[in-house]
Amino acid sequence: MAATNEELQAAILQLLQRLAVSQATNPEQVLESLSTNISEFCFDPENGTTFVKWFARYSDLFESNARSLDDAAKVRLLLRKLDTSSHSRYVNYILPKLPKDVTFADTVKTLTKIFGRQTSVFHKRYQCMQLLKSETDDIITYGGKVNRACEEFEFQNLKIDHFKCLIFVCVLKAPRYANIRARLLSRIEGETADAPVTIQTLIDEFQRLVNIKSDTTMIEHPPSSKNSVNSISEKKPGNQHRPLKTESKSTPRTPCWQCGQMLYVRDCPFSDHLCKVCNRIGHKEGYCSCIKKSSSDSSTQPREKKQFQKKAGSRSQAKGIFVKHIANSNRKRKYVALNINGVMTSLQLDSASDITVISKKTWQQLRRSKLTPSSIEASNASGGPLALIGEFHCEAVLNDMVKRGQ
């Protein structure tokens, strides 16, 4: 007796159900079925492709669809979806263990550590504060970035002291704070429950590092122990030729325009020489054209008058240094701004000085620091005594360098 259509359809439905139950109970068939629905993982941190983001797409699949699989089958399924480079990196990391010796939970934990973003919590929080909307981002994309950055900020673990430390370090942007920033960040990352880091901790650490840098500089460049000031002595002009200086620190690029030798004009032995050709003083015979004529040409004066002026000049004793042109002298001077005893002031830079001399007006601006009698004897440029009111103890700060003395 022929079967009816209803009976035939019922038989086919029962066959399909049996086949589905058979496939569901076969681990290898379940593994193959799930593998086709999972894309391959390729680590690309520059574009944000990390294991955490990749596994988040298939976490439900491993928890629900792969529920019938044992732990070892889940590990095989997970490792099958790693590309060649990522798989080799993982296997080398867990040696001497084998992948089958690691549980599924530990495998996920290890992969998250290897193929995650190697950034600190401070870095994530700083990047969140620096977030900007790109011109190519629509409002939905931008909102997603903000939401993601705020989640990575970890507000649930943020304390007020953490936020203060974050602002404290972010403000230290000057290049001279580079080493100090690194030390402070290391101190923040090394925080523990027994040793919390506060803004007072960073302030103390900052001052300690500045003092260490100052002490190091002091050891490298110890202060001079001399208590005297060198003065400038003047040599009286004479009629004799000055001897030629053979020893010189450097050789000029061009010959001397007074004698033609390779030496500086200040060392020329013919500076006081009377030329027999043009009857002028200051050059060797044959170099008359190198001397510029003044408005009152000395060549028109008689030879006897020149000799008289020369002798009269030898008897004069100058007590000062005269400058021919001083209109723009201040433009060549350099000044340094520094903090003395808590007061900002500006002093002229003189790298050849042995002591620092300030005016009475500057001393008054420094809140009239207590003076003591001067322990040194100073001389001016002419060799005479330089009267000093006194000396005082001070603390000078320049570019985070602290010097103490008197």
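A: With the terms, since helices are taken here as DSSP runs of H or I with at least four residues and strands as E runs of at least two, both numbered from the N terminus. Keep in mind throughout that this is a predicted model.

Q: How many helices and strands does the protein chain have?
A: The protein chain has 14 helices and six strands.

Q: And what share of the residues is buried?
A: Of the 406 residues in the protein chain, 25% are buried. As for the contacts between residues at least 6 apart in sequence, 50% of them join residues at least 24 apart.

Q: Where is N279?
A: N279 belongs to the loop between helix 11 and helix 12, the latter covering 303-315.

Q: What is its phi, for N279?
A: Phi of N279 is near 60 degrees, which is a positive value in a residue other than glycine. N279 counts as partly exposed because its relative accessibility is 22%, and the buried class is kept for values under 20%.

Q: Switching to helix packing, at what angle do helix 9 and helix 10 pack?
A: Helix 9, residues 160-170, packs with helix 10 at an angle of about 165 degrees, and their axes are 10 Å apart. Angles over 145 count as roughly antiparallel, and helix 9 and helix 10 are therefore roughly antiparallel to each other. Their crossing is left-handed.

Q: Which residues of helix 9 and helix 10 meet there?
A: On the helix 9 side they are C165, F168 and V169, and these meet R181, L184, L185 and I188 in helix 10. By class, this contact of helix 9 with helix 10 holds six nonpolar residues, no polar ones and one charged.

Q: Staying with F168, what does it touch beyond residues up to four places away in sequence?
A: With those sequence neighbours left out, F168 touches L184, I199, L202 and I203.

Q: How do the axes of helix 10 and helix 11 cross?
A: The axes of helix 10 (residues 178-189) and helix 11 (residues 199-220) come within 10 Å and cross at roughly 140 degrees, and the crossing is right-handed. Helix 10 contributes I180, R183, L184, R187 and I188 to the contact, whereas helix 11 contributes T201, L202, E205, F206, L209 and V210. Those residues divide into seven nonpolar, one polar and three charged.

Q: Now helix 4 and helix 6: are they roughly parallel or antiparallel, and why?
A: The axes of helix 4 (residues 71-80) and helix 6 (residues 104-114) come within 9 Å and cross at roughly 25 degrees. Angles under 35 degrees count as roughly parallel, so helix 4 and helix 6 are roughly parallel to each other. The contact is made by D71, K74, V75, L78 and L79 of helix 4, together with F104, T107, V108 and L111 of helix 6. In that contact of helix 4 with helix 6 there are six nonpolar residues, one polar and two charged.

Q: What about helix 5, is S86 buried or exposed?
A: S86, which is found in helix 5 (residues 84-94), counts as buried because its relative accessibility is 3%. Not counting residues up to four places away in sequence, S86 touches F41, F43 and F115.

Q: Which residues does a cis peptide bond join?
A: L95 and P96 are joined by a cis peptide bond with omega at about 10 degrees, and P96 lies in the loop between helix 5 and helix 6.

Q: Last topic, the strands: how many bridges join strand 1 to strand 2?
A: Six bridges join strand 1 (residues 335-340) to strand 2 (residues 343-348), and the two run antiparallel. Within this pairing, N339 stands opposite M344 in strand 2. The hairpin of strand 1 and strand 2 has two residues between the strands, and in it N341 takes a positive phi near 55 degrees.

Q: And how many join strand 1 to strand 5?
A: Strand 1 and strand 5 (residues 394-398) are joined by two bridges and also run antiparallel, with I340 opposite A396 in strand 5.

Key:
Residues numbered from 1 in each chain as written. Predicted model: local features only at pLDDT ≥ 70, side-chain atom pairs only at ≥ 80, totals over all residues. Heavy atoms only, no water. Buried < 20%, exposed > 50% of the residue type's maximum accessible area, 1.4 Å probe, protein only. Contact = heavy atoms within 4.5 Å. Axes fitted to C-alpha atoms, helices over the stretch in contact; angles between N-to-C directions. Left-handed = near helix turned anticlockwise from the far one by under 90°. Nonpolar A, V, L, I, M, F, W, Y, C, P; charged D, E, K, R; others polar. Pairing = 2+ DSSP bridges. Parallel < 35°, antiparallel > 145°, perpendicular 65-115°, else oblique.
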